[in-house]
Every structure is written in structure tokens, then in C-alpha cells.
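Here are my notes on the model, point by point. Please read them with the coordinates open.

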Amino acid sequence: MPKVQKLQREEIKSSFLLLLPATIGLLIFSFYPIVSAARTSFFDVSALSLKYDPIGFTNYIKAFQDKIFLISIGNTLFYTIAVVLLQILVALIFALILKNAFFGVGFFRTAFFLPAVTSLVVVSTIWKIFYHTDVGIFNSVLQTIGLAPVGWLTDANVVLMSIVIVGVWKEVGFSMLVLLGGLNIIPADYYEAAAIDGASGWTGFWKITLPLLRRSLLFVTVLATINAIKVFIPIYVITNGGPMNSTQTLVFNIYRNVFGYYKLGYGSALSMILLLIVGMVVGLQFRLLRSDVEY
Amino acid sequence: MKSITFDKCTSPSSGVHLNGSLKGKKIFQIILRYVVLAIVGFIFIFPFIYMFLSSSKPQAEIFQYAFPLSWKTLIPQTWTLENFVELINLLPYSFLHYLGNSIFVAIACTFGSLIINATAAYAFAKLNFPAKNILFGLFLITMMVPFEVLAIPLYLEMRTFNWIDSYEALIIPWIANASGIFLLRQFFTEMPKDLLDAARIDGCNYLSTFWYVVIPNSIPALITFSLIRFQASWDSFIWPLIVTPSPEKRLVQVAIATFTTEVDTRWGLAFGASVMATLPILITFLVFQRYYVKGVMMSGLKG
Amino acid sequence: MKKSSLLILLSLIIIASLSMASCATPAPTTAPVADQPTKVAASTEAPAVSEKEVQLTYLMQQDAVLVPAMQAVVDDFMTEYPNIKVTIDSAPFSEYHTKLGTSFAGGNPPDIFWTDIRTAMYASQGVLMPLDDRITQENRDDYLATAWNETIYEGVTYAVPLHQLTEGIYVNTQMASDAGIVLPTNVEEAWTWEEFMDVAKTLTKREGDATLVWGFSQQRPLQDWSMLPLFFQNTAETLSPDLTEASGYINSQAGIEAMTFMGSWYTTEKIVSVETIPDGFPNGSLAMMQAPSSYRPLLESKFPDFKFTIVPMFKNKSCGVTTGGWNLGIASASKHPEEAWILVDYLTRTAHEKWVTTSGYLPARKSVIEANPQFGEYPWVVFMEQLENCAVTRPATPKYSFYFDTFKQMVVDISVGGDVTSVVNRTAEALDAELGQ
């Protein structure tokens, strides 16, 4: 039918116009550098002289023989899983508590969201001071209540968890905000119907809240994952990858190679491996949390 | 925590039939909720309290009572504005100059970002066109490569455009932003289809639907988006460092880093500067509080 | 979005980039290294001043004291050479090399800039201008010999020392006299490792598990700058003379001993806190602090009531203290190499005295040291004596950044209780693999 075709054409034309500016921007300032990095990954290049020496897959082969790189993959995955799980869980609890209006709700929402809008460099510096084994406020408090001090930044088994705490603290407010939005568009009559059927609160949560929250959950999970895998500033400011390589992460390693050793080719190869890892993880999340719910 | 969760899930129906013992339980739950929230809330804002109190101490006092723990660890013995006075009189430019630069750059970024990403997000959320998922996937990929490795190719582009040491380099590359599109797509997707269909039936085309229906109905979402983009620009560090050599165009985060030198960190200035750098965001935040609280709730749509 | 389609996209990118890789178009490189010999030889007379106005950019470390001090010197210069306009840009200390390195990559480096032990790294990539033709023998001889160590790569000089820097131990005067400790005044009397350990243990104050006062600390903790002297004091090196091998040097018997001694500070004797305590020295929670000469003016201005005494570094089989500083280099891409050299020569020769007295760094020129009797008196003499007799320089390898990170990782791992021998051996392996390439 010509009418339908015309409508479709109009839709496609509109889409094209709506997408054009963003696509141009991303092409020039994101895709071009990405393709350039992908290309660079097949060269031996010093970032200082930019003399390109083609070496095929050597950078990739070297990457998988690089002990620190392999350690950094493990650390990054641990960090990502820990941060994403904790962040989503805590954000969900906050969102459920702060969903309804009560006296002071605005204050608490602001408090939890505040870290999300402050400089990561600044807050990392402050956490580093708090974490100090000998004079930090955390161990002071632990000792005051009679507990043994913790080597927040000196015990190789603990340090990555310390960074996880900073990550969760910083990002949880944003996830909470999105989940609050998701919770608030679930129509109240769903719960009323469930209550009439005799469903308890927990059942309501499992049967109504969680399924209807899937799209919001997918969104915060994907964003949280991408951010967590790229963790850099807290490592750079607080631990520098140590001690005992316990906080070596992918992007920290990439930064070191590119800006420390000027190994642009090698750093680019590491980034392409990172891209592959993030791509697979995010693809998996889309598959697992796909939601077809329409309200 | 658990009991509170339970309480919130049943709240829509529980108000109707309260009896005496339930009422007692309810009051207990409310008290518990406030106690837990107060403790957790305190942990969340404590670093900011610490930052503010430290910036109000004389240079020599900041770490004087760090250990052992006492009220002096936090509360200044001598309240002073000397750090802020020094920041305002900083050479070669006052810290306010860097703040001004950052505010200008962040507003420009946010504004451009709002227009460009909102239109794209709307197309992804509500329109159908070929290769939609593939295009969206491509956009997502731009979020997956760390900036650290893109910095040098991007820097070379800036050279080509002759944008080194310019505001263009600080603003234009950051306007189109995949995570921004993802965020707004999320908001727009949740907008009821009926509303858009109604507009279509009234004769609006897609572009005018966007302008007359989507935009007015998602002001809170757009404000939330703006806050996040504003903050991302505000927080940028490595890029402004390498792309603007002159102090004239320096941004706040780079200025804060200059207080750590070869020999020492000027903690008083660093904390003072951090307070000054946090205030604009905090103020914007409080002003728009009622919006972002509604932000993602789309409350306007439900009436 | 399906996982499979994402994978297809990723492979598309890879294929596209592979096809581009096969073309192997070289990207524009920075201007070629000056290969024709430069004509103008440096001289003490004012060089011929060209009529045209020239703009020079100058990158240095950002610092509230240093930038104004340098600006004053540069203003003098511009009065003398009105046709050369110099703009000073500055970068924060911790990101200085990120910024300088990127400007080389972009082909628009500053004409002249501060460069440190990483001079060899820049020189190896051809981005620095060789200066041998311009530095006269008389000029070279006026410097303390150690000052040139950081500026030479493969026999060619690429930078001129701006000043020198070295360290001493700052002692809390009150605490030392309360404990009846006799403070050494020259290298001859400097504490041995055992004497130092006794002093540090005496000054450490504990109450139960908590340490109220730590005996010792370092202003630049857990890095080569502070810890390299331990190797040299024990007559060990960290690298072979050609700087390509670490095995047999860093993990020699003497090297392991040095690191075991350092490890005992943190683990068995607990005289040093693993993490730095900000402002801990002037606040009385650190009794001694190993710090550079430039720490003194800062302490005096920030904590005017605090009393401290500076003593020479401890020694073992011999004395040893890290020296180095900032040097001035010229970019090979500079469009005005002649004028850039005039500025470098002015700053390092004519202005040397003014610069070191206003910046707090140490002089590197014999003529300036001799002309100023103050450098023979306390506190200067503590540093100057060590500079002349105990100088240790960090290895000027083109892979210094890697050396720095690897060394730092080694000392950090030992400080948190890692087994010394295995950590040092692992470090030797890592260094061999990278430096040997």
C-alpha cells in the first residue's frame, strides 16, 4: 500500500535527520580515533616520534605473554563483577527505600547522588587519606571500637576491595536514580491486584517489581559494566597498580604503556583486546536481560 | 534493610487496614528507616564534610590532629578563609578564572550535547529504520574503548583542525556522546506509546512530535541528563591537560593538580579548590533538585 | 542487540583496520633531527641579534614559587634581547611528561623545556636537538661533573643542566636533643646503617599497637630517587654499565642486602610507615625525614615555628645520595633553534646564580659555588659536600620510565612484606626482558 510506504519513508527520512548530527560527531571524534587505534595496533610505534613500523600481530602475541597484562585482566574482571553486583544491589535497596515521599527524602536522594557528580580525582585523593593504615580515619575508628586495623592499601588481599568500595560509593547514586525512575513507572494497580490475590511483599517484589524493572536494570548494568571495566583514576591516584600487582587493571596498564612508555602500538593492541572483552560482556548482558515489556 | 524493603513493596495497600499492633510496628519501622538512612547518608557525605572542614583550617593545622582520632581531627581549631583568599589571588590567574573556564566549557558541552544526543536518542527509542540495532551497537562501541588510547589520534586531529589550545578542542569533540544517547534512549523508551500516537493522529510529523510532545514531557529527564553531562565535562582532566598548554585556558581539575608539586602538596589549597570546584555542581544540583527527583519518574505523563 | 551481531561489528572493525595496515602509510613525523652541523658556536659575548621578532615557547614544571622565579629571570632576558619574546607554559609535576610527550607526538612541542632523567628517552626518539656543537669546553668544565650525567645519550649531549638537587636527612631538633642524640655535621661523621637504625629506633615512640612517632620517613617514598643510594652505599649497582641488564647487579649479594635493610624499616623494625603521613614531619609524627634541599624553604614558610636540623645521608661501605635536577632541552622541531639556544645559554649561564638563589635548588656551576660563600655554610654545605663526593645518578636509559615503575613496584612489594630475594629476582627478570630489547 502506497500510504504505508510513504509513512515508512517519512519515518526513515526523519530518523536520518535526527541521527545525522550525532553520527557525524561520533564519526569524526570517536570512530576515526578508534579505527586509527585499531590500525596502530599492527605497528611498532613510539608515541614520541610517530614512526610506524609494521609488525603484524606481534603486539597481540606479546600481550598474551605479558604477565602483568594477564594479571590485569583477572583483576579487572574481579573488580567489574564486584562493583557491578554491589552497585546494582545497593542501588536497588536505596531506590526501594526512597521510592515514596517521606520527610527528608530529597535530602537522602541528594546525599546518595552527590558522589556521582563530584570529581573522581578529588574523591580518590580523600579516600586515600581515609584508608591510611597508620593514621587513616577508618583504622582509627576500628581501633577505637577495639577491632584490629586493616591494611586497606598495604594488604595485597584487601587493596582491590578497597578500590571496589570507592567505585561503588561513587557510582551507586546514579544507578539508584535510574532505578527510581523505573520503579515509578510501574503502575500502582499492579501491586493492588497482587495484594488482592494475597501475594506478600516479597512475592510482589519477585513477581512484579523485578520483571518490570528489567529494562532499567539492563541499562544500569550495561553502563556500570562499561565504566567498571575502564576503571583508571582511583588506581592512578590511590595505588598505582600495587602492591604485588594486586590492583593492576587493563586501562591502567594501557595508560602506562601509552603515556609512560610511549608504546602506542602496544597500547592500542591492548585496547582492542579490551574492546573485545567489553563487547562480549555487554552483548551477553543484552541477551540475558532483554526485555520486551511495553507499558 | 530487609524489613524496610518489605514495607515499601506493600505500602500501596497497607495504609487501609492498620490496627494497633501494626501501627506500633509501623512506627518502629519508620524509626529504623531513619536510623539506617542517617548512618548510610552520613557515610556518603562524610568525604565532603571532611573536605569542607579541612579547607577551613590553616595550612599547618590540616593534618596536625589526624592521629589519634579526636574531635580535633575534623573540627578546625582556628577557622580561617586564608586558603580561599589565596586561591582567589592566585598567580598568574585567580582560581576563579579557571572556574569560569570550566563553567563556560561545561555549559557549552552540555547545551550542544543536549540537542544532538536527544534527537538521536529519540530516533533510537521511538522510530523504526533499517539497521537500527547495528547502528546502536556501533554507537555503544565508542564507549568501550578507553579514552587513554584515543587521546593521541584525537590530539593529532586537533592539530589538523588547528584547535590546539582552543576552546573548540575542549568542547566540540565531547558533544556527540554515546553514553548520553544511551541514557536518553532509556528515558524516551519509557514514554508511553499512546502519547506519541495521539500526537501523530493529530497530524504531527516525527520532528514536530519530538519538539512538541517528547521534549516538553521529558524536561526532568533532560535536566538529569544535563547534570550528568555537565559533570562529565567538569571532571575532565587528561584531555584539557594535553590540549591546552597555556594557563589562560586551563580548567579546574588541571588547576587542582598543580597544587601537588615536586616537593609537596599544598593541601589547604587543594581542599579549598576542591570545595570551590564542587560548589557550582552542588548548587546546580540543589536548584534542580525537585526536577531530578522527579527526573526519571516522568510524573508529568501519569496525570 | 545480539551478541552475534556485536561480534560481527567487531570483526568488521578489525578487518577494516587490517586492510589499512597493509597500506602502511607512514604518518607525518616530527621535523627531522638537525643533521647539518649548526653554524653558530656558543660564546660568552652576546650573540648576533637578528632584527626580526621571534616567539619562543617554554614549558616548565608548575609551581607557585618556581614559575614566578623563572618569569623574573626570563623578563631579564627579554630586556636584554628585545626581539625574542618568551611565553612560559607550565604543567603539574605528576603529569609533566604526559603533557610534554603528547606535544612531541603532535609535532608542536615547546621550543625549550625542562627535561630530567628522561632526556635519554626523548633523545632516543630524535625529538631533542643535539647541543654538543654549542656547548664550549669551558662552559662544560664549569659544571660539577655529575650534573651532565642526565643529559647525555649515546655520547651526545641533548640538554644543559639548570641546577642540581640532592637530599639530606631533616631531623626534628627537639626530639633529637630530648633523646640525647648527637647529630653528624659532615659526610665524615655521617651515621652508618647500624647507627642510623639505632637512632631511628630510639626516636620511634609506640603506645600499645599504635605508633605515635615514626623514627624515619622519606619525602619521595618508595621510589628509585630515595632508595637507589642504598645500593650504592652497599657498593652495588642496579644495572650493568651499558644499562641493558639487571640480573647479577640488582640481585647481587650486595643488592639483596641493601633491599633487606630497607625491608627491615617497614617489617621487622617498623621505624617507617608504609604510607606517607601528610605533613607528618612538621606535625611531630615523623622524627626524621629524608628530603631534598628544596624542602627547606617550604618548611620554613609553612611551619615557621618548627625547628629542624639537616644532617647528611647515612652511609654503609661508602656514602651515596641521589642527585639530579632539571635540564633545559631544545626541540628538534623548533623553528627557531638559534634563538632557543641563546635563551638556554642565558638561563643556564648568565642567570644561573639568580635562578638557584630564588628557586631553592642547588647550584651546578663551580664559578657560582665559589663566588657565593653561603654555599660553604650550613645548611647548604650539607648538600654541597654530598653533591661533590657522594653523587648517585639514576640510570639514563631510554627506557627509564619502565625502570622507574619496575623499581617502584619492587620497593613497594618489599615494604608490604614480600620476600626480598624473590621480589628482587622477579624485578631483575622483568628489567632484563625490557631493557635487553
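1. Over all chains, the structure holds 79 aromatic pairs. A pair here means rings of Phe, Tyr or Trp (its six-membered ring) with centres within 6.5 Å; planes under 30 degrees apart are stacked, over 60 edge-to-face, the rest tilted. The model is predicted: local features need pLDDT of at least 70, side-chain atom pairs count only at pLDDT 80 or more, while totals for chains, interfaces and linings use all residues. Residues are numbered from 1 along each chain as its sequence is written, chains are lettered from A and ligands numbered from 1 in the order in which they are written, and side-chain values use heavy atoms, with hydrogens and water left out.

2. Take A:Trp127 and A:Trp169. They pair edge-to-face, 5.3 Å centre to centre, with 65° between the planes. A:Trp127 sits in helix 5 (residues 120-131) of chain A and A:Trp169 in helix 7 (residues 159-184) of chain A, so the pair ties together parts 42 residues apart in sequence. Helices are DSSP runs (H or I, at least four residues), numbered from the N terminus. Both A:Trp127 and A:Trp169 are buried. Buried means under 20% relative accessible area, exposed over 50%, partly exposed in between (1.4 Å probe, protein chains only).

3. C:Tyr400 and C:Phe404 make a tilted pair: 6.2 Å between centres, 50° between planes. Both lie in helix 15 (residues 400-415) of chain C, four residues apart, about one turn of the helix. C:Tyr400 and C:Phe404 are both buried.

4. Two charges sit over rings (NZ of Lys or CZ of Arg within 6 Å of the ring centre and within 35 degrees of the ring normal). A:Arg39 lies over the face of A:Tyr52, 5.0 Å from the ring centre. A:Lys62 lies over the face of A:Tyr266, at 5.6 Å.

5. Which helix of chain C is largely enclosed by the rest of the structure? Helix 11 of chain C is, because eleven of its 14 residues are buried. The buried residues include C:Trp341, C:Asp345 and C:Arg349. Helix 11 (residues 337-350) of chain C reaches 19 Å from first C-alpha to last, close to the expected 20 Å. The expected span is 1.5 Å times one less than the number of residues.

6. Now the surface. Helix 1 (residues 2-40) of chain A gives the most to a nonpolar patch, with six residues. A:Leu27 is found in helix 1 of chain A. A:Leu27 is partly exposed, at 47% relative accessible area.

Key:
Helix = DSSP H or I, 4+ residues; strand = E, 2+ residues; numbered from the N terminus.
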